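Please open the model in your viewer and keep the selection tool at hand. The tour below moves from one selection to the next.

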Amino acid sequence: MIKKIQLKNGLQVIMVPSAKSPVVSVQMWVRTGSADEGRGVEGISHFIEHLVFKGTQKYKVGEIASIVEGSGGELNAYTSFDQTVFYVTISKAYFETGLDVIAEMMGFPTFDKAEIDNEREVVIEEIKRGNDSLGRQASQLLFKTAFKKSAYRIPVIGFDKNIMKVSAKKIQDYYRSRYTPPNMFLVVTGDFDLKDGQKKIEKVFSRLEKTPLKKVKRVKEPKQTTPRVAVQSTQFQQSIGYCAWKIPGAGHKDIPALDVLALVLGQGDSSRLVKRLRIDEPLVSSIGTGNYLPQEGGLFMLSYGFEKEKFGQIHPVIQGEIERFMREGPTAEELKKAIVNLESGEYYSMETVDGLARRYGSVEFQFRDLKAFDRYFKALRALTPKMIQEAAIRYLKPETLSITLTSQGDVKPLQTECKKWIASMKVKKAPLKKASDKKPKFERFKSTKLTKKEGEIQVLPLSTGARLLVRPSTATEVISAKAAFMGGLRYENMSSQGLSELFSRTWVAGTKTRSEAQLFEEIDQIAGSVSPVVGRNSSGMSLDVLKSFEHQGCDLFLDSLFNSTFPDEVVEREKKLQIQQIKHKKDNPSGIMFNLFLKEMFAGHPYSKDPLGTEEGLQKMSGQDVREFWRQTYDPTKLHFVVAGNVDPEFWRDQIEKNLKSHAQASAKTPSLSLGKLAAPKQVFERSEKEQSHVLMGYRSFDLRDERRHVLQIIQSVLAGQGGRLFLELRDKESLAYSVSPTRLEGLEGGYFGAYIGCSPEKTKKALSMMKTEFEKLMNEPVPQEELDRAKRYMIGRHDIDLQRTASIASSILYEDLYGLDFNEVFNYKDLIAGITSEDLRRVAREVFSGPAITAIVGPETSLG
């Protein structure tokens, strides 16, 4: 049951009870964003998003995060052009805490001048982080090209000069004028009683004062009448392209047709542009299409990553496919596939309370009518191929097109190619062939009656010695199947570096009975996902599918797992793309930093290697190498399977058994590996001319079977989150960074524990000193009982939140079983950490942090002080 009410102060409340998981989501949606700001204060909405966490009348700095995380919850916020959303996800046992915190943040922030000044530096660090991001720079170029008058042309985060000068009074005045109950609405989803929940909501949120709402008149974007081109030279090695056409807002009748158009053209491996440009011939590293629908009209967007020298080959294919669509429209099968995917997406998104809240929040924000979603899907079911064709003709017009490119070096040749592209659009085209005006025929989803019933884990014996674990649940329509065996990076030698990654990229690329194209088409037809999962210690396959497609999904999953052929042409294609990714590594300095760190931390061990490998090594690899790697690591007697969700256990056992029996037995050799001791502290540095430095300081720790790993998890919890020590000391108090966090890894032969920060180069020395101080405190001072209890509740709460998804449950069970641990551990986590004491933390901290530290720094020379 869904209920919508309005409080006396004008605040609207949407309540959506769901007993699937013992978790609730409390989200406050504010109908104001960066597009409502005036000149000179661009970025104030995003700044306010930060500041409401910095203290209220009831809570001091850091207390909000500490209380939420100490109650097993997580909190955050985001700002967009049109809205700002603040949210808490928390255990149902702390429902009232979630309500109280959101009410305090939205009704009673203090905006303390000293805290405002501290947070200015944090936002400046976030702006620098965006300047170092290729994706952020490319999207900002698109929006300032597509929009000439609208505030959508301005970055949501604003400008550093505004952040540095905006006064406390200006912030307070702006907040009171826009963040008022009539301009906000609350969405509460999850495991709560509707009647009792309403009483608590009314009591807590009726305290919010109704202040006069300042109405904002946005500048209207003039009609675009000619195509626009912007090409920008950047320091990034990869190139990104966008094509964007103007389309109407979310409420327009053509949006369902445009959503189908986006799916047919560029969503999924069987879509037209992905198939032509990424699969058939790798002219792009990635490509996709989608609709961006802000409040004031939107964009039909096509994005792609490319190499400069190939651009002249790319745009004729894009233009050719768009023109073909306009001439012929989609097939009935393409329309049917698109509708199945759009409808299935709703089931997947509603697995979590956050997804549920986003769904109802988005509908309320766009339409102020929760029934709009039902109307959308009714309209979707009424579409015909002709209607999609007409939408493409109506909106994909040259005069409303904006083309933007970001690339390194001389970009004049790209500008010339864009002009040729636009000129080609004006040439007379072949006559149209009207698409069918008949709706495709297909059955509706066979929804089962969902309950809260969760089954025990069943161990079903298999004749080969392989293991099958099934965890039935009728609380969801989603089914997740996983299979794994020992493999991955540990099975590479120094001459085969990058082979496990190449193996992963080519595993689902055709079988003995299905070509790659057939496989992709069948997976997309059922809105499923069949994906390889190859890591440091294991190799495996994953399936996510809805109950309606259980049998088809099972067949595709097992066929890919057992019968993949690793075709030579696919291996060569993916090898080229993997080499491209290696060449672009400098665009990701944090990735370089992690590789530097691991190279020293695990010297001589496979964990020290970059999973991508080297360009020289990959050039020598062939399809035969990939197939041989498969034969050397795969052993059907040592396969571990887990199936979770709304499943038929006997059906899965029968299908797995049938496939196991049809394959020859093998005996994979397990590598004998050891990890040498670290002799001395070491600092490694690599130069990167970015605005931020990336720093990781870490120590050798335990393997994944060591019981002390649970103590390390609590130590991580003490340091982690917005209420953790690293955030409070390095970000809240010293404003050193936007991003700072603990990081750890447990492997089969050992692991590490450390801390990461991304900061301005001149702050690196102080950041390292403060990280070391925090580690020393853990060695020398007992963690207070209250902080220890908070850390435990935080871990337990995050654990429960993570297990909302069926796929998360299946993965947890699988890897516990594969590595010889208790597969029920995932459901007994609270008991595992209950007895950990403050002295345990200090003892383990001494064992870890008294060892030699490895420090990796990537950034400008000034990072070294």
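A charge is said to sit over a ring if NZ of Lys or CZ of Arg is within 6 Å of the ring centre and within 35 degrees of the ring normal. The model you are viewing is predicted.

Begin by selecting Arg-790 and Tyr-794: Arg-790 lies over the face of Tyr-794, at 5.5 Å from the ring centre. Next, select Arg-359 and Tyr-360, where the charged end of the arginine is placed over the tyrosine ring, 5.0 Å from its centre.

Turn now to rings that pair with other rings. The count comes to 40 aromatic pairs. Select Phe-95 and Phe-192, whose ring centres are 5.3 Å apart and whose planes meet at 15°; planes under 30 degrees apart count as stacked, so this pair is stacked. Phe-95 belongs to helix H3 (residues 95-107), whereas Phe-192 is in the loop between strand E6 (184-190) and helix H8 (194-205). The pair therefore ties together parts that are 97 residues apart in sequence. Are these two residues buried or exposed? Phe-95 has 6% relative accessibility and counts as buried; Phe-192, at 9%, also counts as buried.

Then select Phe-485, Phe-503, Trp-507, Phe-562, Phe-566, Phe-629, Trp-630 and Tyr-634, which ring pairs link into a cluster.

The structure holds 3 cavities of 30 Å³ or more, and the largest cavity has about 40 Å³ of space. To find the largest cavity, select its lining residues, among them Ser-18, Lys-20, Met-350, Glu-351 and Gln-804. By class, this lining has 3 nonpolar, 4 polar and 2 charged residues.

Methods: Residues are numbered from 1 along each chain as its sequence is written. This is a predicted model: local features need pLDDT of at least 70, side-chain atom pairs count only at pLDDT 80 or more; totals for chains, interfaces and linings use all residues. Side-chain values use heavy atoms; hydrogens and water are left out. Rings of Phe, Tyr and Trp (its six-membered ring) pair if their centres lie within 6.5 Å; planes under 30 degrees apart count as stacked, over 60 as edge-to-face and the rest as tilted. Helices (H or I, at least four residues) and strands (E, at least two) are DSSP runs, numbered from the N terminus. Buried means under 20% relative accessible area, exposed over 50%, partly exposed in between (1.4 Å probe, protein chains only). On a 1 Å grid over the protein atoms alone, a cavity is a set of points where a 1.4 Å probe fits but cannot get out, and a pocket is an open set with protein on both sides within 12 Å along at least five of seven lines; lining residues have an atom within 4 Å of a point. Grid points are joined across faces, edges and corners, and a volume is the space filled by probe spheres set on the points. Ala, Val, Leu, Ile, Met, Phe, Trp, Tyr, Cys and Pro count as nonpolar, Asp, Glu, Lys and Arg as charged, and the others, Gly among them, as polar.
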